[in-house]
Amino acid sequence: MGIFKTMFLELAAIDPATNTNYFFGYFGIACALVFANLGSAYGTAKSGVGITSMGVLRPDLIIKSVVPVVMAGILGIYGLIISVVINQKIGSTTDYIPKIGFAHLAAGLCNGLSSLVKWRVKCRALDWQ
């Protein structure tokens, strides 16, 4: 635990005039977009497999099986919304300190990884049934 504390303190002590804080902010944008869209793509693929098997087994219920595809697409839109909000905050701040950069990185990671994990867990749960 000590090495992470010293690493964080060293990063927090960086001069605000450097561009590393912008790196963390834009990396948060990239994480939100990449991981949310990976989760969306994985959910769409697994839902597509479900739709094809539903078409073979119960053709009358195909329309109801489109709902998970729409839900998976919404996760990608969530990542896009968070990245646009973070990008506007980065562009509007003249004194962009490392604390805000770390907060934007955390926001992007939270959004992206939660979207990715949501579909992994949901599809695992559906495989067990």
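These legends walk through a few close-up views of a predicted model.

In this predicted model, local features need pLDDT of at least 70 and side-chain atom pairs count only at pLDDT 80 or more, while totals for chains, interfaces and linings use all residues. Residues are numbered from 1 along each chain as its sequence is written, and side-chain values use heavy atoms, with hydrogens and water left out.

**View 1. The whole chain, for orientation.** We start with four helices and zero strands, running α-α-α-α from the N terminus on. Helices here are DSSP runs of H or I with at least four residues, strands are runs of E with at least two, and both are numbered from the N terminus. Of the 129 residues, 26% count as buried, where buried means under 20% relative accessible area, exposed means over 50%, and partly exposed is in between (1.4 Å probe, protein chains only). The chain exposes about 8300 Å², and carbon and sulfur atoms supply 74% of that; the areas come from the Shrake-Rupley method with a 1.4 Å probe, and for residues only the protein chains shown count as cover. Take the contacts (heavy atoms within 4.5 Å) between residues at least 6 apart in sequence: 82% of them join residues at least 24 apart.

**View 2. Helix H2 from end to end.** H2 covers residues 20-57, and its end C-alpha atoms sit 55 Å apart. That agrees with the 56 Å its 38 residues should span at 1.5 Å a residue; the expected span is 1.5 Å times one less than the number of residues. The buried residues of H2 include Asn21, Phe24, Gly25, Gly28, Ile29 and Cys31. Further names on that buried list are Ala32, Ala36, Gly39, Ser40, Gly43 and Ser47. As a bit of background, an α-helix has 3.6 residues a turn, so residues three or four places apart point the same way.

View 3. The Ser65 side chain reaches the backbone oxygen of Ile62 at 2.6 Å. That is a polar contact: a pair of N or O atoms within 3.5 Å, where within protein one must be able to donate a hydrogen and the other to accept it, and residues adjacent in sequence count only if both atoms are side-chain atoms. Leaving out residues up to four places away in sequence, Ser65 touches Ile51 and Met54. Ile63 is in the loop as well, but is exposed at 70% relative accessible area. Ile63 and Ile51 are twelve residues apart in sequence, with 8.9 Å from C-alpha to C-alpha.

**View 4. The salt bridge.** Arg58 pairs with Asp60, and their closest N and O atoms are 3.6 Å apart. The rule asks for a side-chain nitrogen of Lys or Arg within 4 Å of a carboxyl oxygen of Asp or Glu, and by that rule the count comes to one. Side chains of opposite charge can pair when their charged atoms come close. Arg58 is partly exposed at 44% relative accessible area, and Asp60 is exposed at 56%.

**View 5. A nonpolar patch on the surface.** Val66, Val70, Ile74, Ile77, Tyr78, Ile81 and Val85 form this patch, with about 580 Å² of accessible area together. Patches are built from residues with over 30% relative accessible area and no salt bridge: like charges are joined within 9 Å, and nonpolar side chains (Val, Leu, Ile, Met, Phe, Trp, Tyr) within 5 Å. One member, Ile81, lies in helix H3 (residues 67-92) and is partly exposed, with a relative accessible area of 46%.

View 6. Ala107 is in H4 (residues 98-128) and is partly exposed at 32% relative accessible area. Ala107 touches Ile82 and Ile86, not counting residues up to four places away in sequence. Ser83 is 24 residues from Ala107 in sequence and 9.2 Å away in space, C-alpha to C-alpha. Cys110 also has its place in H4 and counts as exposed at 53% relative accessibility. Cys110 and Ala32 are 78 residues apart in sequence, yet 7.8 Å apart in space, C-alpha to C-alpha.
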